Amino acid sequence: MGRTNITQPTEFILLGLSSRPEDQKPLFAMFLPIYLITVIGNLLIILTIRSNTHLQTPMYFFLSVLSFVDICYVTVIIPKMLANFLSETKIISYGECLTQMYFFIAFGNTDSYLLAAMAIDRYVAICNPLHYITIMNHRRCVLLLVLSFCIPHLHSLLHILLTNQLIFCASNIIHHFFCDDQPVLKLSCSSHFVKEITVMTEGLAIIMTPFSCIIISYLRIFITVLKIPSAAGKRKAFSTCGSHLTVVTLFYGSISYVYFKPLSNYTVKGRIATIVYTILTPMLNPFIYSLRNKDMKQGLMKLMHRVKGQ
């Protein structure tokens, strides 16, 4: 369904991952378990941390918040995508599209700021262990948490306000499985120079700020660990960072591939890369943090024994 007149659309059509009818049910059967695994896995992380006194530290506090944000993140996208797999129309209203875009941008950036907070925590724990409790006190943890939510939501609001100023006149078909910024921008026939400049400047600054914190923190950690004389001490220090580094690599690697290039280059490969950080990374986080973390494994086992004993 296309449009040639210059009007503000009342609805969009989400083309999804495939337009072929025979693909819809297999895609539904694939993404429903992914969604359930993501929600259940992240809930288990939250419950494990909340129920274990040994995990009441800043690192695990941020991890539990990250798990909560990941649940919100996938819930913004996957339920609508699942509904569209079973629907012939695949319609999303204009207001619903902007709402989905707002929360997608907000929660996605909140993820990156929480990853930065976790990197800072690891830096203080390894490079300044004697002052760890003083530096990473409750007040500073709350401050980092507030910043991790406020900055992304203000950033997202700015982008939604700019998007709402655009005129759509060519088509209302979004070649994506949700209302992402780039595919929606491609439908506009009005000048989106201001929008693109904002994405490449303010957006880049918002993304690069936490990323820079992560890079600087790990450079300092790497330098400190190299000074540790024993091989066992080096392995122990690196093991506390392994899970976090894996998640950071997955998250920022896929984001860089999708967004740090011109709008005209947004293709099917971009959609596939989007799946990695919007769907696969939140699903893998519980496995990465539980399988590669001794404290989390022990906490999870205690939670399971407690549940079985009731």
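Residues 101-120 have end C-alpha atoms 29 Å apart, and the span is 100% helix and 0% strand. Helices (H or I, at least four residues) and strands (E, at least two) are DSSP runs, numbered from the N terminus. The model is predicted: local features need pLDDT of at least 70, side-chain atom pairs count only at pLDDT 80 or more, and totals for chains, interfaces and linings use all residues. Residues are numbered from 1 along each chain as its sequence is written, and side-chain values use heavy atoms, with hydrogens and water left out.

The unreviewed UniProt entry lists residues 101-120 and 204-226 among its "transmembrane region" spans. Such annotations may be inferred rather than shown by experiment; feature names are shortened, and positions follow the numbering used here.

Now the strands. β1 (residues 11-14) pairs with β2 (residues 91-93) in the antiparallel sense, over three bridges. Pairing requires that DSSP finds at least two bridges between two strands. E11 stands opposite S93 in β2. β1 also pairs with β3 (residues 173-174), in the parallel sense, over two bridges. There, I13 has I173 as its bridge partner.

Which residues form the nonpolar patch on the surface? They are I37, L280, L284 and F287, with about 290 Å² of accessible area together. Helix α9 (residues 268-291) gives the largest share, three residues. L284 is found in helix α9. L284 counts as partly exposed because its relative accessibility is 31%, and partly exposed lies between buried (under 20% relative accessible area) and exposed (over 50%), with a 1.4 Å probe and protein chains only. Patch residues have over 30% relative accessible area and no salt bridge; like charges are joined within 9 Å, nonpolar side chains (Val, Leu, Ile, Met, Phe, Trp, Tyr) within 5 Å. A salt bridge puts a side-chain nitrogen of Lys or Arg within 4 Å of a carboxyl oxygen of Asp or Glu. Accessible areas come from the Shrake-Rupley method with a 1.4 Å probe; for residues, only the protein chains shown count as cover.
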